[in-house]
Amino acid sequence: MAFTHGAADKAQVLVASNRGPVSYQVGEDGSLRARRGGGGLVSGLSAIGSDADSVWVCAALGDGDREAVRRAEGGLLPAEDTGGQRVRMLDVDAAVHAEAYNGIANSVLWFVHHMLYQTPLEPVFDAEFRRQWASYEAYNRAFAEALAEEAADGAAVLIQDYHLALAPRMLRQLRPDLRIGHFSHTPWAPPDYFRLLPDDIAAELLTGILGADRAAFLTRRWADAFTDCCHAVLGPGIPSGTRIGVHGLGADADFLRKRAHEPDVDERMAALREEIGTGPDGAPRKAVVRVDRTELSKNIVRGLLAYRQLLEDRPEWREKVVHVAFAYPSRQDLPVYREYTAEVQRVADAINERFGTAGWTPVVLHVKDDFARSLAAYRLADVALVNPIRDGMNLVAKEVPVVSDEGCALVLSREAGAHEELGGDAITVNPYDITGTAAALAEALAMPARERAERSERLAAAATALPPARWFLDQLEALGPQPS
């Protein structure tokens, strides 16, 4: 397929991601309501200057989005809905998107990179998998073609994440003039685990990303794992000449601190303090806080079991501590996620039944997403528990020290990407070790206030070293100047 490019309205900077900066709902009267999102990409793209020179390509994720695409003029969403950003939303066939997104990206690639499979029974790479893989290829091709159409000569294209691992190679074939980067927001599996994938699929994923001029990762560990996989699957060296980079996405301190002191957060802090209550001696109870999606990799159940072990082993903490656990629903269209969410609730209920008293609820579990309440919990946390099985970065570990009012002890899994930057001032845990995590919680709860505040201050400094706008611009600059 040939593409014409170089016209004045073509973009100099392009971002591609499954989820875009805006989503739509259809009202009862048929009107469309737009809701703008946030995050590092939104901050970053707004930092590059003139919106006339950039475009964001994303997928329509629901009926409202698809209707917005049908009404869009020239394929671009109305500027008033997107904060002035040029956004092209792709109406990929709903069945194709579901198979690419749930069938492959979330049920295979996510499981491989987070090492989540119960290998005696899964994965099963059969004819159904191959059929879904064809949808994943079609989904990536739709992005590559849209980017090829929208890009000016020599434009910079930043393709995001495991949903679009094939797009760099496809785009390179369509538009060899472009400067292409790919960024992985997940961990990268070590070769022995990555090679659970069929050999041809493993090779296709790697060569897909190697279609980029530069492949970037959140930590050196994940970058090295990718390189190791290339050597194991494709042979020694990186024959494409693709450069490998690392950009450790940090917390947006200015936004978080401002947002955390707005009235709705103060209201939720008061409500949480009432839920936490005071101990038998009249002193405020300590709060062990976690804020996560009910994502399998977040390890919420083992965190609850470690808290239970703390109460068993250290009876002196009974009635003096509350575990404030926010477990917000995630991927509930997948049965394994619904089962996991139910198990989180079951374990929390069992702890409360075993240890609770008339005046003390040991676990305060909230499952309805509420950002203001999350920030309130960050501010009052004495201990933050961040114990993922595996995580590309984990921004919660970075956000809590930034927002904390009086300093917070951080109990952090060594398998979180954030550990690379924060490990020196956190209390490190093996995420599978319940006894060890319970001991770490006890150490964190007993940490003197001054030490806690000093550690928290250093954690906050490390956590904000590369804020979202700088993180994005660094990737853009690393692609190099536009060819003259």
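**View 1. Helix α2 and the residues it buries.** In helix α2, which spans residues 63–71, Gly64, Asp65, Arg66, Ala68 and Val69 are buried; buried means under 20% relative accessible area, exposed over 50%, and partly exposed in between, with a 1.4 Å probe and protein chains only. Helices here are DSSP runs of H or I with at least four residues, strands are E runs of at least two, and both are numbered from the N terminus. The partners against which the buried residues of α2 pack are β2 (22–26), β3 (32–36), β4 (54–59), β5 (87–90) and α3 (94–113), where contact means heavy atoms within 4.5 Å.

Two notes apply to every view. This is a predicted model, in which local features need pLDDT of at least 70 and side-chain atom pairs count only at pLDDT 80 or more, while totals for chains, interfaces and linings use all residues. Residues are numbered from 1 along each chain as its sequence is written, and side-chain values use heavy atoms, with hydrogens and water left out.

**View 2. An open sheet of six strands.** Follow the strands in the order β12-β11-β10-β13-β14-β15, with parallel pairing; two strands pair if DSSP finds at least two bridges between them. At the edges stand β12 (363–366) and β15 (427–429), each with a single partner strand, so one side of each has no neighbour in the sheet. From one strand to the next, the twist averages 20 degrees.

**View 3. The pairing of β10 with β11.** Strand β10 (residues 286–293) and strand β11 (residues 321–328) run parallel and are joined by eight bridges. For a place to start looking, take Ala287, whose bridge partner in β11 is Val322.

**View 4. Helix α12 across two strands.** Helix α12 (residues 335–355) lies across β11 and β12, and runs at about 155 degrees to β12. Axes are lines fitted to C-alpha atoms, for helices over the stretch in contact, with angles from 0 to 180 degrees between N-to-C directions. Ala350 is part of helix α12, and it counts as partly exposed because its relative accessibility is 26%.

**View 5. Stepping back to the protein.** The protein holds 18 helices and 15 strands. Its C-alpha atoms fill a box of roughly 75 × 50 × 45 Å along the principal axes. Of the 484 residues, 55% are buried. Among contacts between residues at least 6 apart in sequence, 79% join residues at least 24 apart.
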